[in-house]
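Please open the model in a viewer with the chains coloured separately.

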Amino acid sequence: METVQSLVQLRELLETRQISSYEITSEYLARIRRTDCQFNSFVATYDEAALRSAQLADKHISDGLLKPLIGIPIGHKDVFCVKGEKTTCCSSMLDSFVAPYDATIVENLQNAGAICLGKTNMDEFAMGSSNETSKFGPVRNPWNLDRVPGGSSGGSAAAVAACIAPACTGSDTGGSIRQPASFCGVTGFKPTYGLNSRFGMIAFASSLDHPGTLTRTVEDARLMFNSMSGHDTQDSTSSTLKSASTKSKQKQMKLGYPSSLFSDLPNSIARPLEEARKILEEQGNTIIEIDLPHFNVAVAAYYVISCAEASANLARYDGIRYGLRSKQGSTFDELCERSRSEGFGQEVKRRILTGTFVLSVGHYDAYYVKAQKIRRLIRDDYLRAFESVDLILSPATPTTAFRLHAMDREPTEMYKQDQFTVPVNMAGLPAMSIPCGFADGLPVGLQIIGPHFGESNLFELGVDFQSLTDWHLQCPATLS
Amino acid sequence: MSCSSHWEPVIGLEIHVQLNTESKLFSTSPASVHPVPNTSANLVDLAIPGTLPVLNKEALNKAIMFGVAIGASISPTCRFERKSYFYPDLPKGYQITQLANPIVGKGSLDLHVDGDTVKTIGITRAHLEEDAGKSIHDRYEKVTAIDLNRAGTPLLEVVTEPDLNSSSEAAACFRQLHTLVTWLGICDGNLNEGSMRCDANVSVRRHGTQALGNRTEIKNVNSFRFVERAVQYEIDRQISLLEQNETVERETRLYDVERDETRRMRGKEFSDDYRYFPDPDLLPVEVSQDLVRSISQSMPELPSNRRKRYTTYLNLNPAVAALLTRDRATSDYFEAICKVTNNASLVANWVLGNVSSVLNRDAITIEKFSLSPESLGVILRHVDSGEVSDALAKQVFDQVLSQGGSVHDVLDQVKQARISDNSELRELAQTILASHPDQVKQLSEGKSKVLGFLIGQAMKTSHGKADPKKLSEIFIELTST
């Protein structure tokens, strides 16, 4: 088996019986065992269960029972509940929590035949852009072990980049799929809000949380999306609408280009993005200058809203029913306080405090209400832009992968990592980051944003781009 | 309280109505509370990470039904907020409730005392919210046990305007809301099990003044009588404080049933900050006019309407109409009898008299009453037509209740057993006439009412066995000669 394998390739190999699911699964488990000590991308592997499922898949394949992802092993970000397995959100708070049920997307992927290799590392409760807040320790970027993989889905991105998992699930609240995808040189995709069910995904900020994928190719992202998505009666925000099916292949598209977003980038990053734009232009797509006037206030509004929601979403961790319970504390208030003090890390506490503050009497209007107004304006900016363009091009990140601990003392600098991705979550739009080159040996991502339910055009353009480039097939030198 | 006439109490109520839905407000576990702790609480109720709330439409529909019944505006979009506080029996660390857009807006309730409308009470709003679990402090030593069976059961919180001015009005208002929600079938009305819980906000002010006095809130009273007593105690306490030039503290108080007094529970000087914000897990639900229309069409006739119909078309007096409509089962029973016989006032007398005493004697509700309204209707049709006397009808009623059997058979038996022999009746009539010379004189002067009296006397003497129809004919014949 080759080092780099897309899901589509693996499926081809399985369907033509060139390789068995058992062999594939064993191979990836072996790679994790052999090399993941460098990256720390997996926090748990389910070797036995995975191999058992692989044997079953092989039987199904030989019986001709073909499902879209039959026999293909994938990793799940530790934010998704997998029945009978620890689901910790990489927090001490949930150290001992064993999920009693499967998340809807876990179930959907399993029904499509996928095999679960294990759980991938992440920032604690998905709060972070560097994967340094995990209680399992930081993940290292396979392209440079001194660098972070991005976050919060850092484990998933690193695992795909290091070819120790062909694909992983992720979650994206403000860029948590696209930023690590950009840092690790893989394809990170999240659909329109409501298309992938949130049921069983441990909540950070409900109105912004999007389940999605980290894959080698855009084709793989589409393959996974088709199996993951669908209306879920257990999630009230799940959409009953479906993503528009591919129209008569719209090859030439109008691409919105907010040039102000590109102008402040360092040259090393601007150059590959410029190259990518040219390639798309040469394909007959039209580049149209657009303006997103409220872009600059998005990060501030995002942190108000996401922290507000998080402060309530994380109130359930009180040490009473599950999770960490402090050994000290003789009253409920004491027990609750101690458990939360011991169970949550610093970044999580910072966000709970921020959220509690912005929701409190006397501050609510100045922060929460105002942030919601900004959110509406941002959404309107996009809707206006999509009246004249099919898709929007944008940088994915303002920098390439930075060094571990580089932002230890500057949490708000870290928050700015999300400046290009956050507005997309505020509007609930589908978007992806795809590799488009390198800057000083580190991957650079191009972000493509679609209108609501416009996944098919997004996939079309991404597939086109990847048919003309091979950035997505590159492998870090650490692997050889 | 010698000077109490100088003071005017001002009272508003907040009543938690537990809706009798199949499942909980935001989860699929059963809403009827299971006696074994923590057996009717599922993953959502336990706030297991990753779980999400899904609104129970049945609860929404029942809230809408209440809104229609009090003539309130129904919010075209139904939104929910999170109300945050930490408590061991509140699994999510917040309660899902409604703040900005309650499903039921302003409405009103006509307050009746003895059938007369005393005043119209404004209903400020009614909103949906989930109940918390229970903390049990007294079962185990040193530890508190948590039962989450009740967590997530649907409540409709009804808030009245401060339009009530006495403890009896407060109790009447609670009672009437109880009648209404049980009538509509949206609440089982079981006060002992906490299906309705009342908080009362009480203040007093000098008669003729506008400004409200400092108010106290009495929490969690669950009977009509206790509401009346708790509110009265609080009115008296506040008046006596004010008359001694002391101030009423803004505070929350508890009513102690044993000692019949209210006690301070906590002050209100530090108002809690619940950090309300719209629940992002629940999208606003559109409430269409079509839905409101179809719910109002599916609703039973309201008690106020029936009351009006009883006084206007059936000529019942208002007090009787009020008693008949105190609960829907009684009113339905009454109406079912009226389908068999026309004499509404006779039926009303029987339902509120004979039927009611049997129910009281056996401590049962009318739903459990063994005599069908159709059977009782047949008995009363015989009374109405004069075929059977009231006393004999009572015998039939008692016999059917105690020994069973068909009403028709028992009626036939008593009809056969009765004195219908003309000579025997004539003899009885003559005896009665002989002992009532005054009445005989009045009758001959054309006062026909006396005939009824004479028949009554004859019935009494014959222990109800005489045939009243024939008796009447004989009396007329004997006195007209």
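Select the contact between the two chains: chain A contributes 33 residues and chain B contributes 26 residues, two residues being in contact if their C-beta atoms, placed from the backbone, lie within 7 Å. This is a predicted model, in which local features need pLDDT of at least 70 and side-chain atom pairs count only at pLDDT 80 or more, whereas totals for chains, interfaces and linings use all residues. Residues are numbered from 1 along each chain as its sequence is written, while chains are lettered from A and ligands numbered from 1 in the order in which they are written.

On the side of chain A that touches chain B, highlight helix H10 (298–313), helix H11 (332–343) and helix H12 (346–359) of chain A, the elements that give two or more residues. Helices (H or I, at least four residues) and strands (E, at least two) are DSSP runs, numbered from the N terminus. H10(A) provides the largest share, three residues.

Next, colour chain B by domain: domain 1 covers 4–291, domain 2 covers 301–417 and domain 3 covers 422–480, with bounds from an automatic or database domain assignment. The centres of domain 1 and domain 2 of chain B, taken over C-alpha atoms, are 37 Å apart. Between these two domains of chain B, 10 residues of domain 1 are in contact with 10 residues of domain 2. On the domain 1 side, E5 and H2 of chain B each supply at least two residues, and H2(B) gives the most, with four residues.

Stay with helix H2 (residues 167–184) of chain B. Its 18 residues should span 26 Å at 1.5 Å a residue, and its end C-alpha atoms are 26 Å apart, which agrees; the expected span is 1.5 Å times one less than the number of residues. Of the 18 residues of H2(B), 14 are buried, so the helix is largely enclosed by the rest of the structure. Buried denotes 20 or more other C-beta atoms within 10 Å of a residue's own, with C-beta atoms placed from the backbone. Gly185(B), which follows H2(B), has a positive phi, near 75°.

Finally, display the open sheet of chain B, where eight strands follow the order E5-E6-E9-E1-E10-E11-E12-E13 with mixed pairing; two strands pair if DSSP finds at least two bridges between them. Its edge strands are E5 (107–113) and E13 (261–267) of chain B, each pairing on one side only. Within this sheet, strand E10 (residues 196–206) and strand E11 (residues 216–221) of chain B run antiparallel and are joined by four bridges. Select Asn201(B) to find Glu217(B) of E11(B) opposite.

Conventions
Buried ≥ 20, exposed ≤ 12 C-beta atoms within 10 Å, placed from the backbone.
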